[in-house]
Amino acid sequence: MQTNLADFIRNTPDGDEADAILRNCVHCGFCTATCPTYQILGDELDGPRGRIYLIKQMVEGAAVTRSTQLHLDRCLTCRSCETTCPSGVQYGRLVEIGRKITEEQVTRPLGQRMLRRLLASFVPNSALFTPIMRTGQHIRPLLPKKLRDKVPARQRPLEWPTAKHPRKMLMLTGCVQPSMMPNVNVATARVLNALGVETLVAPEAGCCGAIRLHLGYNDEALDDLRANIDAWWPYIEQGVEAIVMNASGCGATVKEYAHLLRNDPAYAEKARRVTELTRDVAELLPEFEEALVAVTRRRAIHTVAFHPPCTLQHGQQVRGKVEHLLATLGVEVRLPADNHLCCGSAGTYSLTQPKLSYALRDQKLERLQAQEPQVIVSANVGCIAHLQSGTSTPVAHWIELVEHMLSA
């Protein structure tokens, strides 16, 4: 694809990147076949190829309209198109550049501006989010369904392991997971403890930056990245083996730290090191497979349906590891038809694009429940909460299932 960048973006980091990505696209349309929003809406501009054309036009100086912004808003950033693309087009990075331009050039309606500002200020701030979520959980039966869908039932807390081990890994607890699903973090620490690894947490670390980044608050998102690097750096200097992620959405973002901070001389090298150390727990545990089999035993759960989050299979390109690991532990894992498609959660997407989000959720649940599972498992807090809002079948993180199987 030939390009002719406009003066406002030529010879800038975003312009150089957009130009390189656009030139890789060969217009084949394979991406359209695996785009969730195109499948529902049937509009070329609501598929990757159409959005790529829109972004090409805007970086070449065409007027950016509210319609352009709407088509980019509807994108889930699931990156299924990247997995499909034979040319290696990095669509996820391109669409973030396009969104940044539209935010600068198009004024949103007041209601949207208020909602997005509220989400960007409230959700990543655990000091605000946690007490409100806990209050919501306490009065959950009294909430209207739309609110109840966003408030998972409170979990009976597990105990954090206290044993000390020579091997140490750092874990990001996240901004919403500690209040919505705290046992995911504890289960991760308990499994690692059983394998002889001590899990450390940096208290000052917070949101990975994904929420503000995808809402268009780029400078604030980069501040989130820098704050986490500052919080983690003393532990990295002390030699932690890895930075463990159990929310695939966070993992996909942290693995982009080196790219996002590549032009920051104070943080570029540190960000590169953070990216090198970051590993989803699904990448980590296969290295302990023999030891894991030794410390687990079969329990009542025999059949699960697995929803691999987009941020795991497309964002991080981690596929097949969860299914293999659970199968090794004696669990029958069933994948739904079209398992490459998004469930509709996508961070704050269910709040900014509720109609599309719930249509995708219901479609995903229909295919998951066709597998007749005892439990549905996934690997990201947002996907788990979103799916659970539409079914009575238990939905959990797969690491919680492994923790339940621990022998000790």
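Two residues are in contact when they have heavy atoms within 4.5 Å of each other. With that in hand, welcome to this structure, which is a predicted model.

- Glu 198 belongs to strand E2, which covers residues 197-200.
- Buried means under 20% relative accessible area, so Glu 198, at 9%, counts as buried.
- Glu 82 sits in helix H5, made of residues 80-84.
- Glu 82 is buried too, because its relative accessible area is 17%.
- Not counting residues up to four places away in sequence, Glu 82 touches Val 89, Gln 90, Tyr 91, Gly 92 and Arg 93.
- Glu 82 and Pro 48 are 34 residues apart along the chain, and their C-alpha atoms are separated by 9.4 Å.

**Nonpolar cores**

- In soluble globular proteins, nonpolar side chains tend to be buried together.
- Here, the largest nonpolar core has 57 residues, and those with the most contacts inside it are Leu 285, Leu 326, Trp 398 and Ile 399.
- Helix H23, running over residues 381-388, gives the most to this core, with five residues.
- Apart from this core lies another one, of 26 residues, including Leu 172, Cys 208, Met 245 and Tyr 267.
- If you set aside residues up to four places away in sequence, Ile 399 touches Val 184, Ala 187, Thr 188, Val 191, Val 281 and Leu 285.

**Helix H1 against helix H6**

- Helix H1 (residues 13-24) packs on helix H6 (residues 91-105) at an angle of about 135°, and their axes are 10 Å apart.
- H1 and H6 are therefore oblique to each other.
- The crossing in which H1 passes H6 is left-handed.
- On the H1 side, Asp 14, Glu 17, Ala 18, Ile 21 and Leu 22 take part, and they meet Arg 93, Leu 94, Ile 97 and Lys 100 in H6.
- Sorted by class, this contact of H1 with H6 has five nonpolar, no polar and four charged residues.

**Helix H3 against helix H6**

- H6 also packs with helix H3 (residues 48-59), at an angle of about 50° and with the axes 10 Å apart.
- That angle makes H3 oblique to H6.
- H3 and H6 have a left-handed crossing.
- From H3, the residues Pro 48, Arg 51, Ile 52, Ile 55, Met 58 and Val 59 meet Tyr 91, Leu 94, Val 95, Gly 98, Ile 101 and Thr 102 in H6.
- The contact of H3 with H6 divides into nine nonpolar residues, two polar and one charged.

**Positive phi values in loops**

- Most residues other than glycine have a negative phi.
- Arg 79 is not a glycine, yet its phi is positive, at about 65°.
- Arg 79 lies in the loop between helix H4 (66-73) and H5.
- With 17% relative accessibility, Arg 79 counts as buried.
- Ala 346 has a positive phi as well, near 50°.
- You will find Ala 346 in the loop between strand E6 (332-334) and helix H21 (349-352).
- Ala 346 counts as partly exposed, because its relative accessibility is 32%.

Definitions and conventions
Residues are numbered from 1 along each chain as its sequence is written. This is a predicted model: local features need pLDDT of at least 70, side-chain atom pairs count only at pLDDT 80 or more; totals for chains, interfaces and linings use all residues. Side-chain values use heavy atoms; hydrogens and water are left out. A nonpolar core is a set of buried Ala, Val, Leu, Ile, Met, Phe, Trp, Tyr and Cys residues joined through side-chain atoms within 4.5 Å. Buried means under 20% relative accessible area, exposed over 50%, partly exposed in between (1.4 Å probe, protein chains only). Helices (H or I, at least four residues) and strands (E, at least two) are DSSP runs, numbered from the N terminus. Axes are lines fitted to C-alpha atoms, for helices over the stretch in contact, and angles run from 0 to 180 degrees between N-to-C directions. Angles under 35 degrees count as roughly parallel, over 145 as roughly antiparallel, 65 to 115 as roughly perpendicular and the rest as oblique. A crossing is left-handed if the near helix is turned anticlockwise from the far one by less than a right angle, and right-handed if clockwise. Ala, Val, Leu, Ile, Met, Phe, Trp, Tyr, Cys and Pro count as nonpolar, Asp, Glu, Lys and Arg as charged, and the others, Gly among them, as polar.
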